[in-house]
There are 2 protein chains.
Amino acid sequence: MPYQLYYWSHVQGRGEVIRLALEEAGVDYTDVAREQNSEEESRNVILNVLQDKTLSRVPFAPPFLVDGGIMIAQAANILLYLSDKIGLAPPDEPGRIFAHQIQLTVTDFLMEVHDTHHPISNAMYYEDQVEEAKKRSANFIDNRIPKHMAYYQNILNNNPTKSKWLIGETLTYPDLSIFQIVEGLRYAFPNAFSEVEKHYPKIIALRDAISIQPNTAKYLASKRRIPFNNMGVFRHYPELDK
Amino acid sequence: MPYQLYYWSHVQGRGEVIRLALEEAGVDYTDVAREQNSEEESRNVILNVLQDKTLSRVPFAPPFLVDGGIMIAQAANILLYLSDKIGLAPPDEPGRIFAHQIQLTVTDFLMEVHDTHHPISNAMYYEDQVEEAKKRSANFIDNRIPKHMAYYQNILNNNPTKSKWLIGETLTYPDLSIFQIVEGLRYAFPNAFSEVEKHYPKIIALRDAISIQPNTAKYLASKRRIPFNNMGVFRHYPELDK
């Protein structure tokens with residue numbers, strides 16, 4: 001039975017780090033909401049799970065993954081569960097703990113990215129929080145992007161194996177998430193990030209190395225890769241860029 | 001060698017869910033920053049690690065834990081690592097995955113709590129983002145607190161064992177984090193939360209059950225429990241309450 005991934009069918013969002021891992025691993029999976037016949041059915045197949053009051057172990061939000069009898073939510077938790085099974089985990093226990101640590105830092109960063117355009121509330125339109133979004137984005141660009149980039153580049157610099165990957169000598173799942181961050185920041189903040197990225201050549205080299213992995217390259221060129229848009233985590237509003 | 005926890009010495013903050021677990025388990029640990037002779041030394045013992053450019057697996061931020069030769073960051077990752085060793089993990093693998101899933105949802109919630117008083121930037125004073133904080137807090141109180149409370153109460157309602165705990169028949173580490181959320185919301189939003197909490201009797205019963213566990217009760221009455229204050233995650237600003 002293939003893995004069943006449940007995530008919104010119209011955005012990369014918080015589900016993309018899992019899609020990237022499943023695709024790079026080349027394993028069989030169903031992107032459940034994308035297999036439905038209408039947008040409404042796509043939404044409902046997720047909402048029906050979230051709103052099922054009889055489930056004893058319900059997710060708080062998508063993404064969630066069904067593997068046989070188990071349902072797992074929270075993107076980093078899903079990657080922790082999957083990574084060994086699909087060959088994207090470091091081989092040793094300290095490496096696995098560190099991979100999860102990086103992934104949780106990426107998770108925090110993605111939440112910050114989301115809040116650049118929704119600093120007041122998820123339940124309000126962007127248009128009703130533009131002024132606050134401008135302030136938050138300016139701070140995000142000046143302080144948070146460089147802090148995260150410096151952190152990830154330092155990990156690359158200090159990998160004792162001197163490989164191009166974050167951990168050890170092989171590609172592991174957090175490498176794919178760093179690719180996603182670079183792609184997302186290039187989309188959301190093209191002016192600001194084109195300056196910033198010059199300072200992080202190892203991160204860009206990692207991004208480039210991921211982009212030419214055969215399975216990932218195939219995925220990125222396919223219709224399965226949903227284009228960035230202004231409904232996801234990374235959104236491009238020129239007024240929030242530099 | 002006792003576990004060495006590194007977290008700011010003046011706040012509960014993101015480290016408190018770990019302190020609660022170590023205390024409830026009754027295991028030997030050193031709260032490293034609190035063992036120093038001055039505030040400056042307390043800060044430096046953490047900053048020296050974060051700024052050590054030679055470390056190959058450096059934390060992004062505290063809390064982090066040292067256990068012999070391994071250093072682990074991210075609160076939920078630390079709890080995942082510790083919980084089995086200190087007797088606070090569910091006994092079976094699906095239970096462990098679900099415990100981590102709940103803990104990651106708590107982590108997201110704590111980030112949202114922090115952003116009620118810092119919706120624009122961590123690098124700016126609260127006083128320079130009060131107006132935005134008022135808007136964010138009003139939405140947080142109306143939408144986010146009930147959403148999270150309903151989620152945790154639903155887990156309690158649907159625990160197939162009918163125990164008072166989140167998972168199975170025994171106390172596990174996410175139960176302690178729910179206790180911390182209730183205490184924090186009572187401190188930060190006393191007016192708003194005194195109304196809200198009436199709707200979640202099972203969560204309050206869980207909070208009460210935690211508060212009388214012998215080890216936790218001893219901890220809460222000791223000087224090791226740092227009082228809530230306006231430097232942590234949960235802060236009380238009357239203008240942000242109802």
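Predicted model: local features only at pLDDT ≥ 70, side-chain atom pairs only at ≥ 80, totals over all residues.
**View 1. A hairpin made by β3 and β4 of chain B.** Strand β3 covers residues 64-67 of chain B, and four bridges tie this strand to β4(B). The two strands run antiparallel. Two residues sit between the strands of the hairpin. In the turn you'll find B:Gly68, with a positive phi of about 60°.

**View 2. The open sheet of chain B, with four strands.** Read across the sheet and the order is β2-β1-β3-β4, with mixed pairing. At the edges are β2 (29-31) and β4 (70-73) of chain B, each of which pairs on one side only. From one strand to the next, the twist averages 20°. Helix α3 (residues 75-85) of chain B packs on this sheet and touches β1 (3-6), β3 and β4 of chain B. The direction of α3 makes about 125° with that of β4(B).

**View 3. Strand β3(B), covered on both faces.** On one side are B:Phe64 and B:Val66, and on the other are B:Leu65 and B:Asp67; all of them are buried. β3(B) also pairs with β1(B), in the antiparallel sense, over three bridges. Here B:Tyr6 stands opposite B:Phe64 in β3(B).

View 4. Is B:Tyr219 buried or exposed? B:Tyr219 has 0% relative accessibility, so it counts as buried. Setting aside neighbours within four places in sequence, B:Tyr219 is in contact with B:Glu16, B:Arg19, B:Leu20, B:Glu23, B:Arg224 and B:Arg225. With one of these, B:Glu16, there is a polar contact between side chains, at 2.6 Å.

**View 5. Helix α8 of chain A and what it packs against.** α8(A) spans residues 201-211. Its buried residues are A:Ile203, A:Ile204, A:Leu206, A:Arg207, A:Ala209, A:Ile210 and A:Ser211. These buried residues pack against three helices of chain A: α5 (130-157), α6 (173-188) and α9 (214-221).

**View 6. Chain A, divided into two domains.** Domain 1 of chain A takes in 3-85, while domain 2 takes in 93-213. Their C-alpha centres lie 22 Å apart. Where the domains meet, 13 residues of domain 1 of chain A are in contact with 14 residues of domain 2 of chain A.

**View 7. Chains A and B around their axis.** Turn chain B by 180°, with a shift of 0.0 Å along the axis, and it can be laid on chain A with an RMSD of 0.0 Å. That's the relation of a two-fold axis. In chain B, the C-alpha nearest the axis belongs to B:Pro119, at 2.9 Å from it. What about the surface where the copies meet? Of the interface residues of chain B, 100% are also interface residues in chain A, so the copies meet through the same surface.

Terms used
Residues numbered from 1 in each chain as written. Chains lettered and ligands numbered in written order. Heavy atoms only, no water. Least-squares fit on C-alpha atoms with pLDDT ≥ 70 in both. Contact = heavy atoms within 4.5 Å. Pairing = 2+ DSSP bridges. Axes fitted to C-alpha atoms, helices over the stretch in contact; angles between N-to-C directions. Buried < 20%, exposed > 50% of the residue type's maximum accessible area, 1.4 Å probe, protein only. Polar contact = N/O pair within 3.5 Å; in protein donor to acceptor, adjacent residues only side chain to side chain. Domains from an automatic or database assignment.
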